[in-house]
Amino acid sequence: MDKSPHKSDFVNVNGIRLHYLDWGGIGPTLLFLPGMGCNAHIFDRFAPHFIDKFHVIALTRRGHGESDHPETGYDIDTLKEDIRLFLDSLQIDQVILVGHSMAGVELSHFTAVYPERVLKLVYLDAAFYRNLPEFKNMQEKNPL
């Protein structure tokens with residue numbers, strides 16, 4: 001059961017509705033991006049530890065959790081734009097991106113296209129062996 005103190009809300013961006021959690025805090029924005037198959041709640045026990053130095057939020061990507069599950073838009077360019085439009089909707093100019101697992105691909109691409117918006121990058125176990133059957137299966141179902 002989720003007991004972490006956060007606000008749960010939605011933003012409408014890129015033609016879909018995305019779910020996010022906001023733990024509050026002061027300082028630069030720390031945006032957690034969950035890995036494939038996960039949602040923002042994966043950070044429920046972890047995120048509150050940072051609110052003394054950061055404004056902490058987590059975004060659930062399209063096709064996951066409470067965010068919309070459209071049939072299309074799972075390419076890296078669309079996912080990158082989902083992040084940008086999410087930040088724009090919350091009027092966040094710069095961010096520290098923290099990506100777990102497959103989110104490492106998204107935060108890397110976002111930073112390559114919008115370097116002026118990124119203060120720092122943090123990769124949380126954001127590497128994977130592409131020859132594993134599990135990766136090939138995931139790629140077939142939700143290609144990035």
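The largest nonpolar core of this predicted model has 20 residues. By a nonpolar core I mean a set of buried Ala, Val, Leu, Ile, Met, Phe, Trp, Tyr and Cys residues joined through side-chain atoms within 4.5 Å. Buried means under 20% relative accessible area, exposed over 50%, and partly exposed in between, with a 1.4 Å probe and protein chains only. The residues with the most contacts inside this core are L31, L33, L59, F86, L87 and L97. Two or more residues each come from strand 1 (7-13), strand 2 (16-24), strand 3 (29-33), strand 4 (55-59), helix 1 (76-89), strand 5 (95-100) and helix 2 (103-113). Apart from this core lies another, of eleven residues, including L30, F43, A58 and V98.

Residues are numbered from 1 along each chain as its sequence is written, and side-chain values use heavy atoms, with hydrogens and water left out. Because the model is predicted, local features need pLDDT of at least 70 and side-chain atom pairs count only at pLDDT 80 or more, while totals for chains, interfaces and linings use all residues.

Which residues does L33 touch? Leaving aside residues up to four places away in sequence, L33 touches F43, L59, I83, L97, V98, G99, H100, A103 and L107. Contact here means heavy atoms within 4.5 Å.

Turning to the chain as a whole, there are three helices and six strands, in the order β-β-β-β-α-β-α-β-α along the sequence. Helices (H or I, at least four residues) and strands (E, at least two) are DSSP runs, numbered from the N terminus. Of the 144 residues, 42% are buried. Among contacts between residues at least 6 apart in sequence, 68% join residues at least 24 apart.

How do the helices meet? The axes of helix 1 and helix 2 come within 9 Å and cross at roughly 70°. Axes are lines fitted to C-alpha atoms, for helices over the stretch in contact, with angles running from 0 to 180 degrees between N-to-C directions. Helix 1 and helix 2 are therefore roughly perpendicular to each other, a term for angles of 65 to 115 degrees; under 35 counts as roughly parallel, over 145 as roughly antiparallel, and the rest as oblique. On the helix 1 side, I76, D77, L79, K80, I83, R84 and L87 meet V105, E106, H109, F110 and V113 in helix 2.

Finally, K80 belongs to helix 1. Is K80 buried or exposed? K80 counts as buried, because its relative accessibility is 8%. Beyond four places in sequence, K80 touches H109, F110, V113 and Y114.
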